[in-house]
Amino acid sequence: MLKDKAHSISLLVANRPGVLVRIALVFSRRGYNIDSLVVSPTLDPNFSRMNIIAHGNPEILMQIIKQLEKLVDVVQAKDHTDTDAVEKELALIKVRCTPDQRTEILQLCDHFHANTVDMTATSMIIQITGNSQKVDTLKSLLQKFEIVEYIRTGKVIMLRGEDRT
C-alpha cells in the first residue's frame, strides 16, 4: 500500500466562470481534499494558473490528473511533487505582545527574514514568505506568544530553468 503524501499539482486553465467548480468536483469524486489552492493570472488574460496541494494516494492522483486533462477548460495538468520546482508561500501572523516581548519577536523575524507589517501597543502582524517548513517553524516558535490570527496562502509553484510549469 502506498503512503499518502502531499502532491503539488499545477493546472493551466481557461479563464472562465465555473472552471474552479468543475476541477473541485473531480477531486471530490475521488475522495481527495484540496489542502490549498492558488489561482492566478498568466501572461495571457485568457488563461489562469492553478496550484493545488492535496494529500493522498499517488495512484488515485494519477487518475485525477487524467480526468482533469479531459476537461474542456483544462489546457494542462501536471504533478510537480518530485520535480525541480520553486515552491513558496506567504503567511500573515498576528501576535499579541507586550512591549517587553517585542525584541524577542523581532529577533525571530530577523532570523526567518520575516517582516513586521503592522504594530500596535498590544500586537504585531508578521509577514513571512518561504517554503512550507519555514512558515511552519516560525508559526511554531510564535506559539509561546499568543497568536491571535493566522492566514496563509497556498503554495505557488514554478519549475526551475527554461521548463514551463
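**Entry 1: terms and model**

I take helices (H or I, at least four residues) and strands (E, at least two) to be DSSP runs, numbered from the N terminus. With that settled, I looked up histidine 113 and found it in the loop between α3 (102–111) and β6 (115–119). I note that this is a predicted model, in which local features need pLDDT of at least 70 and side-chain atom pairs count only at pLDDT 80 or more, while totals for chains, interfaces and linings use all residues. Residues are numbered from 1 along each chain as its sequence is written, and side-chain values use heavy atoms, with hydrogens and water left out.

**Entry 2: histidine 113**

I checked the backbone of histidine 113 and recorded a positive phi of about 55°, although this residue is not a glycine. Is histidine 113 buried or exposed? I use these limits: buried is under 20% relative accessible area, exposed is over 50%, and partly exposed is in between (1.4 Å probe, protein chains only). Histidine 113 counts as exposed because its relative accessibility is 63%.

**Entry 3: the whole chain**

I counted four helices and nine strands in the chain. Reading along the sequence, I wrote down the pattern β-α-β-β-α-β-β-α-β-β-α-β-β. The C-alpha trace spans about 60 × 40 × 30 Å along its principal axes. Of the 165 residues in the chain, 37% are buried. For contacts I require heavy atoms within 4.5 Å. Among contacts in the chain with a separation of 6 or more, 72% join residues 24 or more positions apart.

**Entry 4: helices α1 and α2**

The axes are lines fitted to C-alpha atoms, for helices over the stretch in contact, and angles run from 0 to 180 degrees between N-to-C directions. Helix α1 (residues 19–29) packs against helix α2 (residues 58–70) at an angle of about 150°, and their axes are 10 Å apart. The angle therefore makes α1 roughly antiparallel to α2. The classes I used are under 35 degrees for roughly parallel, over 145 for roughly antiparallel, 65 to 115 for roughly perpendicular, and oblique for the rest. The crossing of α1 past α2 is right-handed; the term means that the near helix is turned clockwise from the far one by less than a right angle, and left-handed means anticlockwise. Which residues make the contact? From α1 they are Ile23, Val26 and Phe27, and from α2 they are Ile64, Gln67 and Leu68.

I also looked up glutamate 59, which is found in helix α2. Glutamate 59 is exposed, with a relative accessible area of 53%. Its C-alpha lies 14 Å from that of isoleucine 9, 50 residues apart in sequence.

Threonine 81 is in the loop between β4 (74–79) and β5. I found its C-alpha 7.3 Å from that of isoleucine 9, although the two are 72 residues apart in sequence. Leaving aside neighbours within four places in sequence, threonine 81 is in contact with Lys5, Ala6, His7 and Ser8.

Glutamine 101 occupies the loop between β5 (85–96) and α3. I recorded glutamine 101 as partly exposed because its relative accessibility is 27%. With neighbours within four places in sequence left aside, glutamine 101 contacts Arg96 and Phe145.

Leucine 141 lies in helix α4 (residues 132–142). I noted that leucine 141 counts as partly exposed at 39% relative accessibility. Residues up to four places away not counted, leucine 141 touches Leu108 and Phe112.

Last, I looked up lysine 139, whose charged end sits over the ring of tyrosine 150, 4.6 Å from its centre. The rule I applied is that NZ of Lys or CZ of Arg must be within 6 Å of the ring centre and within 35 degrees of the ring normal.
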